[in-house]
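Please open the model in your viewer and keep the sequence panel at hand. The stops below proceed from one selection to the next.

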Amino acid sequence: MIAAARDLAASAQSLDALRACLEAFDGCNLKLTAKNLVFADGNPSARVMFVGEAPGRDEDLQGKPFVGRSGQLLDRMLEAIGYDRSSAYIANVVPWRPPGNRTPTPQETEICRPFIARQIALVDPDVLVFLGAASAKTLLGVQDGIRKMRGKWMTYPAGGKEISAIATYHPAYLLRSPLEKRLSWRDFLAIRQSLSKQ
Ligand code: URA
């Protein structure tokens, strides 16, 4: 199934084609319980792309990523650095809501990984931001925790080039641990600075 996902994702030559592939793909059990595919929101031509873990209830109902409480915080953080959903692109590693918001299993994540990897290659942002450890670990294949990883520039290989990438805390974590917003603010300033240089 993972090989099928990889072939299908690689065959998509545009974001519309990739979305159509996911709509037609029956290899991930999460699709059976989700109400909607949560493909992306924002501007596909944006220079910055954010990748979260998986949709929650509000996202599932609306078919859009980060529209619940975490999404509202993400919007405020974007606004603080002069961005919004017309100048940023937002997606998740897993595009279907896991039942009851449970963590996606390693197998579900692996099946979805080729699709988000292709989505990143097609968007081809200047800066890629991993929201939370799950997204960074899945896409970079690293095991470090988010405390260690956040705020450090890395590169993510996509479409034959190296994209500047950075991990930061997931907004849902910031809602639970508001004191950590201080460090997120640093990360967002670094993102703004990197975008202004490129
Ligand atoms: N958390 C995520 O990781 N993604 C969403 O879309 C919403 C909450």
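Begin by selecting strand β2, in which five of the five residues are buried; buried means under 20% relative accessible area, with a 1.4 Å probe and protein chains only. Strands (E, at least two residues) and helices (H or I, at least four) are DSSP runs numbered from the N terminus. The model is predicted: local features need pLDDT of at least 70 and side-chain atom pairs count only at pLDDT 80 or more, whereas totals for chains, interfaces and linings use all residues. Residues are numbered from 1 along each chain as its sequence is written, and side-chain values use heavy atoms, with hydrogens and water left out.

Now colour the two faces of β2. In a regular strand, side chains alternate between the two faces of the sheet. Here V48, F50 and G52 lie on one side and M49 and V51 on the other, and all are buried.

Next, display the neighbouring strands. β2 runs parallel to β4, joined by four bridges; strands are paired if DSSP finds at least two bridges between them. M49 has L128 as its bridge partner in β4. β2 also pairs with β3 in the parallel sense over four bridges, where F50 stands opposite I90.

Return to F50. Which residues touch the most other members of the largest nonpolar core? They are F50 and I120, in a core of 62 residues. Such a core is a set of buried Ala, Val, Leu, Ile, Met, Phe, Trp, Tyr and Cys residues joined through side-chain atoms within 4.5 Å. Beyond four places in sequence, the contacts of F50 include L74, L78, V129 and F188.

Select S135 in helix α7 (residues 133-140). S135 has a relative accessible area of 0%, and touches V51, G52, V93 and F130, not counting residues up to four places away in sequence.

Finally, show the ligand. The residues around it include G52, E53, F66, N92 and H170, each with a heavy atom within 4 Å of the molecule. Ligand oxygen atoms lie 2.9 Å from a polar backbone atom of E53, 2.9 Å from one of F66, and 2.8 Å from a side-chain N or O atom of H170.

Methods
Buried means under 20% relative accessible area, exposed over 50%, partly exposed in between (1.4 Å probe, protein chains only). Contact means heavy atoms within 4.5 Å. A polar contact is a pair of N or O atoms within 3.5 Å; within protein, one must be able to donate a hydrogen and the other to accept it, and residues adjacent in sequence count only if both atoms are side-chain atoms.
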